[in-house]
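Work through the exercises below with the model open beside you. Try each task before you read its solution.

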Amino acid sequence: MNESNTAIQAVGLVKDYGSGDGVVHALRGVDVAFAKGEFTAIMGPSGSGKSTLMHTLAGLDRATSGRILFEGDDLTRMNDRQLTLLRRGKIGFIFQSFNLLPMFTAEANILMPLTLAGAKADRAWFDLLVDTLGLRRRLGHRPAEMSGGQQQRVAIARALITKPSLVFADEPTGNLDSVSSAETLAFLKRSVDELGQTIIMVTHDAVAASYADRAIVFADGRIVADEPHPTADRMNLLLMEERRAALAAESLPASIEPPTPPKRARAAHAAARHTR
Ligand SMILES: Nc1ncnc2c1ncn2[C@@H]1O[C@H](COP(=O)(O)OP(=O)(O)O)[C@@H](O)[C@H]1O
Ligand SMILES: [Mg+2]
């Protein structure tokens with residue numbers, strides 16, 4: 001991947017929480033580049049660092065060390081004000097818990113990033129989002145008056161209203177029923193295919209990951225597999241292999257080195273080639 005088609009890239013990204021005995025190594029030197037206009041899924045066990053990766057890449061949280069390259073700048077060198085402006089204009093974030101403002105209508109929530117920036121809405125774009133997401137009849141409703149699927153669609157419209165080139169979605173379908181989930185994923189896929197958006201989505205669901213162009217498996221703060229054109233079966237297999245490897249590593253005596261993650265990822269790739 002050369003620089004011109006890279007949307008965002010992490011180089012040696014490290015994130016520790018706390019220090020001393022209580023330190024948690026959430027990211028252990030992650031090197032990854034995401035291509036423009038590509039939809040990537042990130043999978044892996046709970047606590048493996050997926051949300052931390054998303055938050056540091058999106059400038060919501062500070063890295064401990066390493067670099068984050070986005071449109072020629074290094075996010076890790078930016079001050080809070082620069083990061084706020086960047087997030088407002090170029091990066092969208094969709095949270096699992098929607099994070100809508102309860103006192104505001106769906107319309108006000110969707111427009112909130114523009115309101116905060118003192119910018120005017122592109123009405124045609126607002127209409128396209130609202131109609132595509134099936135929110136026309138909900139615009140006057142507050143979050144409490146909407147279903148989970150409707151709230152998540154409002155949150156997606158809010159993330160896309162500024163036309164960000166890069167969208168992060170942290171388990172966007174985690175609180176949705178299967179129909180709402182399929183609708184949400186179809187819309188995300190469409191916004192990549194038709195609008196050229198770059199989307200990075202965390203999911204626990206191998207079916208959700210199969211909507212993506214690429215799927216990365218995370219374990220213990222590292223990338224352990226990187227799969228082009230993921231299928232649900234393939235991702236379930238990789239996740240099961242990862243779990244088995246983690247259990248085996250735990251039960252080994254301390255003198256025996258567990259297999260290193262890169263080797264495991266390579267073996268998984270080799271296995272994939274045989275089964276495809
Ligand atoms: N604010 C925080 N303070 C301390 N530890 C944290 C914080 N956020 C996450 N962690 C820890 O970092 C690790 C990775 O967490 P997270 O990125 O949320 O994982 P995932 O999203 O894959 O479930 C976990 O061990 C978690 O407990
Ligand atoms: Mg998480």
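Two strands pair if DSSP finds at least two bridges between them. Helices (H or I, at least four residues) and strands (E, at least two) are DSSP runs, numbered from the N terminus. The model is predicted: local features need pLDDT of at least 70, side-chain atom pairs count only at pLDDT 80 or more, and totals for chains, interfaces and linings use all residues. Residues are numbered from 1 along each chain as its sequence is written, while chains are lettered from A and ligands numbered from 1 in the order in which they are written.

**Exercise 1. Which residues of β6 are buried on each side?**

Step 1. A residue is buried if 20 or more other C-beta atoms lie within 10 Å of its own, exposed if 12 or fewer, and partly exposed in between; the C-beta atoms are placed from the backbone.

Step 2. Recall the rule. In a regular strand, side chains alternate between the two faces of the sheet.

Step 3. Apply it. Ile91 and Phe93 are buried on one side of β6, Gly92 and Ile94 on the other. Both faces are covered.

Step 4. Find the partner. β6 pairs with strand β7 (residues 166-170) in the parallel sense over 4 bridges. The bridge partner of Ile91 in β7 is Leu166.

**Exercise 2. Why is Ala232 classed as partly exposed?**

Step 1. Locate the residue. Ala232 lies in helix α8 (residues 232-251).

Step 2. Count. Ala232 is partly exposed because 14 other C-beta atoms lie within 10 Å.

Step 3. List the contacts. Leaving aside neighbours within four places in sequence, Ala232 touches Ala206, Val207 and Ser210. Ser210 is 22 residues away along the chain, yet the two C-alpha atoms are separated by 5.4 Å.

**Exercise 3. Trace the open sheet of 4 strands.**

Step 1. Read the order. It is β2-β1-β4-β5, with antiparallel pairing. The edge strands, β2 and β5 (73-74), each pair on one side only.

Step 2. Go pair by pair. β1 and β2 share 9 bridges, and Tyr17 has Val24 as its bridge partner in β2. β1 and β4 share 5 bridges, and Ile8 has Phe70 as its partner in β4.

Step 3. Check the turn. The hairpin of β1 and β2 has 6 residues between the strands, and Gly18 takes a positive phi near 70° there.

Step 4. Place the helix. α1 lies across β1 (6-17), β2 and β4, at about 120° to β1.

**Exercise 4. Which element gives the most to the shell around ligand 1?**

Step 1. Find the shell, counting residues whose C-beta atom, placed from the backbone, lies within 6 Å of the ligand. Among them are Tyr17, Gly18, Val24, Lys50, Ser51 and Thr52.

Step 2. Sort by element. β2 (24-35) and α1 (50-57) give two or more residues. α1 gives the most, with 3.

**Exercise 5. Which residues have the most contacts inside the largest nonpolar core?**

Step 1. Define the core: buried Ala, Val, Leu, Ile, Met, Phe, Trp, Tyr and Cys residues joined through C-beta atoms within 7 Å.

Step 2. Name the residues. The core has 65 residues, and Ile42, Ala157, Phe168 and Met201 have the most contacts inside it. Helix α5 (residues 148-160) gives the largest share, 6 residues.

Step 3. Follow one of them. Beyond four places in sequence, the contacts of Met201 include Ala41, Ile42 and Leu188.

Note on methods
Two residues are in contact if their C-beta atoms, placed from the backbone, lie within 7 Å. Axes are lines fitted to C-alpha atoms, for helices over the stretch in contact, and angles run from 0 to 180 degrees between N-to-C directions.
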